[in-house]
Amino acid sequence: MPAKITEVHPGIYEVFLPLPMRPTIVNVYLVDCHGAWALIDTGMNTADSFATLSEALESVGTRVQDLDVLFGTHHHVDHFGTSATIKKHSGATTLLHKLEQERVNRMLTLGPPSSNPDAMAFFTTHGFPIDKYPIEGMRPAWMGSDMYNPLPVPDKYLSDGDIVPVGDREFEVIWTPGHSPGHCVIYLRKEKVLIVGDHLLPKITPHVGVYPSSPSNPLGDFLASQLKVQKFDVELVLPAHGGVYQDHRHRANQLIEHHRYREAEMLDILKRRPRCAFEVAEEVFGTDDRPMFHVMAATFETLAHLELACVEGRAHKSLRDGRTVFQTV
Ligand SMILES: [Zn+2]
């Protein structure tokens, strides 16, 4: 068996697909349902990734054409970016949460930020220096390219608590909003296996940010989703990035603590004087020259913490000279 695929549980395979960006690998999962095949997530729609997927499937006796069901954990390019291509080859029934379908369509129709007054107002009010950074650079390189080829309308929507039978397996859907509004993890109850997408990564914390048109308190959603998955009995966790691991409750607690620590750090900064999200991000993440994408992610991840602090009554926000300014209560 080539190194690009490994059996992590009887009949459940981890497939490593290349990404032209960091993280450099996304793991998708192939499940032998004995008479049917299911795939969870797709990789990016590059020739390299598709060839790797095809080769990996062939090495265990199946083909992309033979896939019966395709689950998308969420709409992101490395998770759902090849879904239209896979659908074309296989006709697989493709499933995605409704809120993710809305994100897919937003991604497909989104113009440059400069053509979007709401986005410009959002950047300005949170102090993001749009004069310093070329605004067009805010679009990721893959957007509007072949690398993102998602199915615009899935065959079925995933909803919390759904049980999707495929062959002799049952895939249980757990809605875990936070990293994206309709993110779902897939639970195989009998096997005690949890396929977590980006929700519970072993080494990195997934990005949770507030953006124009995103839910207002995604970090609150993310933390609630961490508590939610802890109720399930799991022996093996299959993440989209990083190695498989065992203790999902421990990792969920670490992620909760990490964000609580960050929130406390930000509230300390606000105690000294009120600040906008960009200023708080500079204090927490530093002011060195970094690619704009990182600065943006830091700003809107900071904003997610500040919005959560407001919801929890630890901070409040007001408008001052065109800026949204946060302060402790
Ligand atoms: Zn993601």
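## Overall build

What percentage of the 329 residues in the protein is buried? Buried residues make up 43%. A residue counts as buried if 20 or more other C-beta atoms lie within 10 Å of its own, as exposed if 12 or fewer do, and as partly exposed in between, with C-beta atoms placed from the backbone. This is a predicted model: local features need pLDDT of at least 70, side-chain atom pairs count only at pLDDT 80 or more, and totals for chains, interfaces and linings use all residues. Residues are numbered from 1 along each chain as its sequence is written.

The protein has nine helices and 14 strands. Both are DSSP runs numbered from the N terminus: helices are H or I with at least four residues, strands are E with at least two. The radius of gyration is 20 Å, which agrees with the value near 20 Å for a compact globule of 329 residues. That radius is taken over C-alpha atoms, and the globule rule is 2.2 Å times the number of residues to the power 0.38. Along the principal axes, the C-alpha atoms fill a box of roughly 65 × 40 × 30 Å. Of the contacts between residues at least 6 apart in sequence, 66% join residues at least 24 apart. A contact means that two C-beta atoms, placed from the backbone, lie within 7 Å.

## The seven-stranded sheet

Seven strands form an open sheet with mixed pairing, in the order β1-β2-β3-β4-β5-β6-β7. Two strands pair if DSSP finds at least two bridges between them. The edges are β1 (5-9) and β7 (156-158), each pairing on one side only. On average, neighbouring strands of the sheet are turned by 25° against each other, direction ignored. β5 and β6 run parallel and are joined by three bridges. Valine 69 has threonine 93 in β6 as its bridge partner.

Helix α1 packs on the sheet and touches β1, β2 (12-18) and β3 (25-32). Its direction makes about 155° with that of β2. Helix α4 (residues 98-109) also packs on the sheet. α4 touches β6 and β7, and its direction makes about 95° with that of β6. Axes are lines fitted to C-alpha atoms, for helices over the stretch in contact, and angles run from 0 to 180 degrees between N-to-C directions.

## Helix α3

Helix α3 (residues 83-90) buries Ser83, Thr85, Ile86 and Lys87. Their cover includes α1 (47-59), β5 (69-71), α2 (77-80) and β6 (93-97).

β8 (residues 163-166) pairs with β9 in the antiparallel sense over four bridges. Isoleucine 163 stands opposite glutamate 172 in β9. The two strands form a hairpin with two residues between them. In the turn, glycine 167 has a positive phi of about 55°. β9 and β10 also run antiparallel, joined by four bridges. Here tryptophan 175 has cysteine 184 in β10 as its bridge partner.

Helix α6 (residues 218-229) has twelve residues. Its first and last C-alpha atoms are 16 Å apart, close to the 16 Å expected at 1.5 Å a residue. The expected span is 1.5 Å times one less than the number of residues. Buried in α6 are Pro218, Leu219, Asp221, Phe222, Leu223, Ser225, Gln226 and Val229. Their cover includes β9 (169-175), β10 (184-188), α7 (248-272) and α9 (292-311).

α6 and α9 pack at about 80°, with axes 7 Å apart. That makes α6 roughly perpendicular to α9. Angles of 65 to 115 degrees count as roughly perpendicular, those under 35 as roughly parallel, those over 145 as roughly antiparallel, and the rest as oblique. Helix α8 (residues 277-285) packs on α9 at about 105°, with axes 8 Å apart. α8 and α9 are therefore roughly perpendicular too.

## Backbone exceptions

Most residues other than glycine have a negative phi, and most peptide bonds are trans. The bond from arginine 22 to proline 23 is cis, with omega near -15°. Proline 23 lies in the loop between β2 and β3.

Lysine 192 is not a glycine, yet has a positive phi of about 55°. Lysine 192 sits in the loop between β10 and β11 (193-197). Lysine 192 counts as partly exposed because it has 13 C-beta neighbours inside 10 Å. Aspartate 321, also not a glycine, has a positive phi of about 50°. Its loop joins β13 (315-320) and β14 (323-328). Aspartate 321 is exposed, with 5 other C-beta atoms within 10 Å.
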